[in-house]
Amino acid sequence: MTNEVSVLIVDDESELRKSVASVLTSTMPEFKFEINEAATGREALEKVTLAAKGAGFDLVLMDVRMPEMDGLEALARIKTVDPRIFVVIMTAHSNLQDAVKAIRDGAYDYVEKPVQPEKLAHIVKKAIETQEMVSSLALSAPILDDDVDSEFVGSSQKMREIFDLVNRLSQVDTTVLIRGENGTGKELVARAIHFNSPRKHGEFVAINCGAIPESLMESELFGHEKGAFTGAVERKIGKFQLANKGTIFLDEIAELKPDMQVKLLRVLQERRFTPVGSNREIATNARVIAATNRNLEKMIEDYSFREDLFYRLNVMPIFLPPLRDRLEDLQNLVTYFVRRFNRKMNRQILGFAPETLEILRKYRWPGNIRELENIIERSFIIENSPNVTPNSLPEALRAAAQRDVEFDLPGSYQGPLDFDRFKEQTEKEFIVQALKANKGRINQTVAQANIPKNTLLRKIKKYAINVRELSE
C-alpha cells in the first residue's frame, strides 16, 4: 500500500478543518498526508475538477450543511468528475438521514460530529485499504460482459472506468456473475465490490464450490442441526446465515451438482433456506456474487447446469480477460509487481531487462496474473543484479519462449509454431465470415453459427471486429 495520501477537507468552519487535519497527521503517522482545504461544496468541486487533470485526490472528508452548495450535491458532482475519489461525510447526529442518503449516493462512509479521533482514523484507514483494493483491479481489467462498445484504454482512463464499474455494482444488491480463467482475479473483484458497498460492515464469506465434497455442500451453505446426520455432533451455522447483511462469494459455481443448483435457485428466488435436519426456514438478505471459469452456456446445452439458475446469476456479468489477450499491459503489470515486492522484500530492483520482458511477452500465461505474480516474486529471490535477467526466470518459461519458431502453413496463416495463435487467427476469420453472412446481426449469428452470445461478444471485442462494417 502506498503511504502518500492526498486529502481534501471540506467544511465551512476553519477550526474544524484544522482539527480534522491534526487528527489525520497525529493518529496515523504511517501515512504521509497531503492536505488541502475547501470552505464550501462549490470550492471543493472546483479543486477536485482541477486535481482530476493530474493524480487527483484520494480522499474527501466533507460536511453536509454548507453555504453555496451542500455536501450531498457536491458528492454527486465529485463522483461524476472523478469516481476514483473516496468520500467520507461528516455530519451531526441529528442529521444522520443525510449520511444514509450520502452512502446511497456513493459516499464510502460517514463520521459523526463532534469528530472522535479514533473513529475517524478507523474509517480513513478502511477507506485507504478499500481504495488500494479497487485500484489493484486494474490488473484484472474487468469489463461488463455485454458491453460490446467498451475498449481497453490508457491507464488513467481505465482506472476511472474500473472505479465507475465498482461504484455502480456497489450501490445495488444485484447478483453478479464474474467470469474468467483461473488466476485472473475473480475473488479480488468480489471483495472490492463488497468492501466498497454499504454492506462493508457485514461479513464477506467466500466458499469454493469445487473444493467441498458433494455430501457436505448443503451443510456448508445452509448449516445443519445437531444429529441431522452421522457425525453432526453439534449445530452448525451455514455460510448463507453467516453472510446475512453481507456478501457470499460462490467461487467455481459451475461445480455444483444439479440437486444443489435447485436449492440455490430457491434461495435466490425466495431469500429463504432450511438447514439440514431442521423444520424451520431462515431468511437471508446476503448478496450473492458468483464466479466461474467454465462455459456455462455449453453446460446448459449439455444439461449439466440449470438454465433458470444461469439467468438468476447472470444479472450483472463481468468478464476478466486472460493475460495473453492483453499483453500490451504486461509492462505496467511488471512495474506494479516490482514496486510491490521491492516494498515487501526491502529490495532495490529497478525493473526487468529488455530481453527478460521479451521472454515474458512470448509466454502464453495459462495461470494469468497469479502466475505472473509468482514468477516475479521468484525472480526477486534469485536475482542479484539491479535488473531481472532471463536466468532468474523458470527454465520451463524460457524453454517455451525458445519454441517460438516462425513457420508457414498452407492457407492464410503465417506465424509461430503455436497452436493457440493458429487457433486465434482462424477463430477470428470464422467470426468475421459468420457476421458477414448474417449482415452483422448478433442474435442471428449466434443461432446460425452455434456460438454462445457472451462468447461471440467477447471475441468481437478481443479481435476488434467492426460489426457495423460487416452489416453493409
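Alanine 464 sits in the loop between helix 19 (453-462) and helix 20 (467-470); helices (H or I, at least four residues) and strands (E, at least two) are DSSP runs, numbered from the N terminus. This is a predicted model, so local features need pLDDT of at least 70 and side-chain atom pairs count only at pLDDT 80 or more, while totals for chains, interfaces and linings use all residues. Residues are numbered from 1 along each chain as its sequence is written, and side-chain values use heavy atoms, with hydrogens and water left out.

- Most residues other than glycine have a negative phi, and most peptide bonds are trans.
- Alanine 464 is not a glycine, yet it has a positive phi of about 55°.
- Alanine 464 is also exposed, with a relative accessible area of 66% (buried means under 20% relative accessible area, exposed over 50%, partly exposed in between, with a 1.4 Å probe and protein chains only).
- Asparagine 368, in helix 15 (residues 368-382), has a positive phi too, near 60°.
- Asparagine 368 counts as buried, at 0% relative accessibility.
- Lysine 113 and proline 114 are joined by a cis peptide bond, with omega about -5°.
- Proline 114 belongs to the loop between strand 5 and helix 5 (117-135).

- Five strands make an open sheet in the order 2-1-3-4-5, with parallel pairing (two strands pair if DSSP finds at least two bridges between them).
- Strand 2 and strand 5 (109-113) are the edges, each pairing on one side only.
- Strand 4 (residues 86-92) pairs with strand 5 in the parallel sense over five bridges.
- In that region, alanine 92 stands opposite lysine 113 of strand 5.

**Helix 2 and its cover**
- Gly41, Ala44, Leu45 and Val48 are the buried residues of helix 2 (residues 41-51).
- They lie on the same side of helix 2 because they cover an arc of only 100° around the axis, taken from the directions from the helix axis to the C-beta atoms.
- Glu46 and Leu50 are exposed on the face turned away from the buried side of helix 2.
- The cover over those buried residues includes strand 1 (4-10), strand 2 (32-38), strand 3 (59-63) and helix 3 (71-81), with contact meaning heavy atoms within 4.5 Å.
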